[in-house]
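Please keep the sequence and the model in view while going through the points.

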Amino acid sequence: MKADDIVASFQTDNKGNDVGKAEYTNIINSGLAGQFEAKFEQTANGKYLVTLGATEGGGDLSKLSAEQKSFYDSFNDIANDHSSIVAQDVVLNDDTVDWGSYASNKIDVGDMSKFNSISDKGHTGSTAQGLLAHETDEQHQFTKVEGYQSMNKIQKMNTWDTSHEHAIGVENAVNGNERLKGRDINSGNSYTKFFKEANGSVTSETATSFTKNMQVTKMTIN
Ligand SMILES: [Zn+2]
């Protein structure tokens, strides 16, 4: 089977190196228990088809936690959906993008890397993998909308609610908690989300907005 559906583009620095590819790779690989890893097939300068493949000696799905399995499934299913292409324009600590932009297909792997991993014991709130899964699923949902190829950004944003809602479901499974709906607070210079953890406690998580070095503060509020 040739998977051809997640295409990541990386900016290149003045030495021609891909910017953000190490962080992108690390977010994926660190969520897969050493059993699977990101595989890249270069298609053009800075452009890659991304799939998941077994590591050497790995490939055992039973070694993944429930969250890791959800991450694997969500990413792998999209990579193997040959009916559409999810284009990800990967940026690193871009001050115009927080986590990702639905309108522009940009994902900021620098921001995502500031969050704990699904592989960390006792992880709370957002995880790097949950954020990546959310942005990936959201763009994939967009490709399910009739006539999406010819939509402008305004028309695309009119589909955001539905795509975002679906992406939250995926993110919840990857994070192993529940993002609380209707509770987000956008202060202009920070953004706060709330999560109900598996043990019933609630995590408040605030990230600075539109900076080159996102700062994340988490608190257990009950
Ligand atoms: Zn969303």
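**Note on the helices, strands and loops**

1. The buried residues of α6 pack against α2 (66-79), α4 (128-142) and β8 (178-179). Helices (H or I, at least four residues) and strands (E, at least two) are DSSP runs, numbered from the N terminus. A residue is buried if 20 or more other C-beta atoms lie within 10 Å of its own, exposed if 12 or fewer, and partly exposed in between, with C-beta atoms placed from the backbone. Packing here rests on contact: two residues are in contact if their C-beta atoms, placed from the backbone, lie within 7 Å.

2. Two remarks on the source should be kept in mind. The model is predicted: local features need pLDDT of at least 70, side-chain atom pairs count only at pLDDT 80 or more, and totals for chains, interfaces and linings use all residues. Residues are numbered from 1 along each chain as its sequence is written.

3. Helix α6 spans residues 160-175, which makes 16 residues. From its first C-alpha to its last it reaches 21 Å, close to the expected 22 Å; the expected span is 1.5 Å times one less than the number of residues. Its buried residues are S163, A167, V170, E171, V174 and N175. Seen down the axis of α6, these fall within an arc of 130 degrees, so they line one face of the helix. The arc is that of the directions from the helix axis to the C-beta atoms. On the face turned away from the buried side are the exposed residues D161 and E165. After α6 comes G176, with a positive phi near 70 degrees.

4. Helix α2 has 14 residues and reaches 20 Å between its first and last C-alpha, close to the 20 Å expected. Buried in α2 are E67, Q68, S70, F71, Y72, S74, F75, I78 and A79. These buried residues pack against β1 (6-12), β3, β4, β5 (86-91), α4 and α6.

5. The largest nonpolar core has 36 residues, of which A8, I27, Y72, F75, V90, V109 and M112 touch the most other members. The helix α2 gives the most to this core, with five residues. A nonpolar core is a set of buried Ala, Val, Leu, Ile, Met, Phe, Trp, Tyr and Cys residues joined through C-beta atoms within 7 Å. Leaving aside residues up to four places away in sequence, Y72 touches L32, F36, L52 and L64. In soluble globular proteins, nonpolar side chains tend to be buried together.

6. The protein chain as a whole has six helices and twelve strands. Its radius of gyration is 17 Å, close to the 17 Å that the globule rule gives for 222 residues, so the chain is as compact as a globular protein of that length. The radius is taken over C-alpha atoms, and the rule is 2.2 Å times the number of residues to the power 0.38. Of the 222 residues, 36% count as buried.

7. Strands β3 (residues 36-44) and β4 (residues 47-54) pair in the antiparallel sense over eight bridges. Two strands pair if DSSP finds at least two bridges between them. Opposite K39 stands T51 in β4. The two strands form a hairpin with two residues between them, and G46 in the turn has a positive phi of about 80 degrees.

8. Is strand β12 (residues 216-220) well covered or hardly covered? The strand is hardly covered, since the count of buried residues among its five is zero. Five bridges join β12 to β11, and the two run antiparallel. A207 has V216 in β12 as its bridge partner.

9. Most residues other than glycine have a negative phi. A33, in the loop between α1 (21-29) and β3, has a positive phi near 55 degrees. With 20 C-beta neighbours inside 10 Å, A33 counts as buried. F210, in the loop between β11 and β12, has a positive phi of about 50 degrees although it is not a glycine. F210 is partly exposed, with 14 other C-beta atoms within 10 Å.

10. One further loop residue is G200, between β10 (190-196) and β11 (202-208). Why does G200 count as exposed? The reason is that G200 has 7 C-beta neighbours inside 10 Å.
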